[in-house]
Amino acid sequence: MKESGLLARSPLFASLSDEERGQMVLQLVRRRYDKDEYLFFEGDPARWLVFVAEGRVKVIKHSESGRETILATFGPGQIVGEVGVLIGDVYPATAQALESTVTLSLRRAEYVELVRTHPDLAWSLIAELGRRLQRAHETIRSLAVEKVQRRVARVLLRMASASGERLEGGAVRITVALSRQDIADMAGTVLETAIRTMSKFHKQGLIETKEGRIILLKPHQLVAIAEEL
């Protein structure tokens, strides 16, 4: 089955046998979301572990003033909402589709049982949570001490790494449609500053936008900006 193949390619479920993945597929609920549609909201009971099969999802938090901050984005083969599911609590943030998205959802009780009975699956999850915690620490450090230009460059490079398509001449097209507001939210800045920074990159010949997609014309120069001390 198509779902079984997706699970087999995911590092989180690769340790399961073909038979076990086949049984897991029978428990999955397939859902489709349009762009900007919400998968779940912060504070909702965490009843489902969400596996992204197609598309891309952003996880966001809102401040008391209503300002949105994008904590992370997830694509095919990645899971969303695992922390709330594991502790049997609520989702700690909101998940929203960045584009047309298909998910495969597993009920909490069934996922917890899988983790309990498969040590390799548990270790894969621990490793993934460790990577996410490390990225969270890097984001906090970035917001505290780094210039906005560097943060925006990092956002573009991170999205290109997650959902980029190589073009001739070394350019990379980000296949997900990103608004300037999305970039501002991921970089932890205001819209006006993100617009100014993106305009500067455009004038420098580092990026361009075609058909609603951002193209990194000179990725190596963006890397230099992102890693500038």
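What you see is a predicted model, where local features need pLDDT of at least 70, side-chain atom pairs count only at pLDDT 80 or more, and totals for chains, interfaces and linings use all residues. Residues are numbered from 1 along each chain as its sequence is written, and side-chain values use heavy atoms, with hydrogens and water left out.

**Salt bridges**

- The model has eight salt bridges, counting each case where a side-chain nitrogen of Lys or Arg sits within 4 Å of a carboxyl oxygen of Asp or Glu.
- One of them pairs Asp18 with Arg21, at 2.6 Å from N to O.
- Asp18 and Arg21 are three residues apart in helix α2 (residues 18-27), so about one helical turn separates them. Helices here are DSSP runs of H or I with at least four residues, strands are runs of E with at least two, and both are numbered from the N terminus.
- Asp18 is exposed at 61% relative accessibility, while Arg21 is buried at 7%. Buried means under 20% relative accessible area, exposed means over 50%, and partly exposed is in between, using a 1.4 Å probe and protein chains only.
- Asp182 and Lys58 make another salt bridge, with their closest N and O atoms 3.2 Å apart. This pair ties together distant parts of the chain: Asp182 belongs to helix α7 (residues 180-187) and Lys58 to strand β4 (residues 57-62), 124 residues apart.
- Asp182 is buried, at 8% relative accessibility, and Lys58 is buried too, at 5%.
- Glu165 and Arg173 also meet through their side chains, at 2.6 Å from N to O. Glu165 is partly exposed at 34% relative accessible area, and Arg173 is partly exposed at 28%.
- There's a network as well: Glu3, Arg30 and Glu54 are joined by salt bridges that share partners.

**Thr197 and its surroundings**

- Thr197 sits in helix α8 (residues 191-203), and with 8% relative accessibility it counts as buried.
- What does Thr197 touch, leaving aside its neighbours within four places in sequence? Val148, Gln149 and Val152 are in contact with Thr197, contact being heavy atoms within 4.5 Å.
- The Thr197 side chain also reaches the backbone oxygen of Thr193, at 2.9 Å.
- Thr197 and Ala184 are 13 residues apart in sequence, and their C-alpha atoms are 9.8 Å apart in space.

Note on methods
A polar contact is a pair of N or O atoms within 3.5 Å; within protein, one must be able to donate a hydrogen and the other to accept it, and residues adjacent in sequence count only if both atoms are side-chain atoms.
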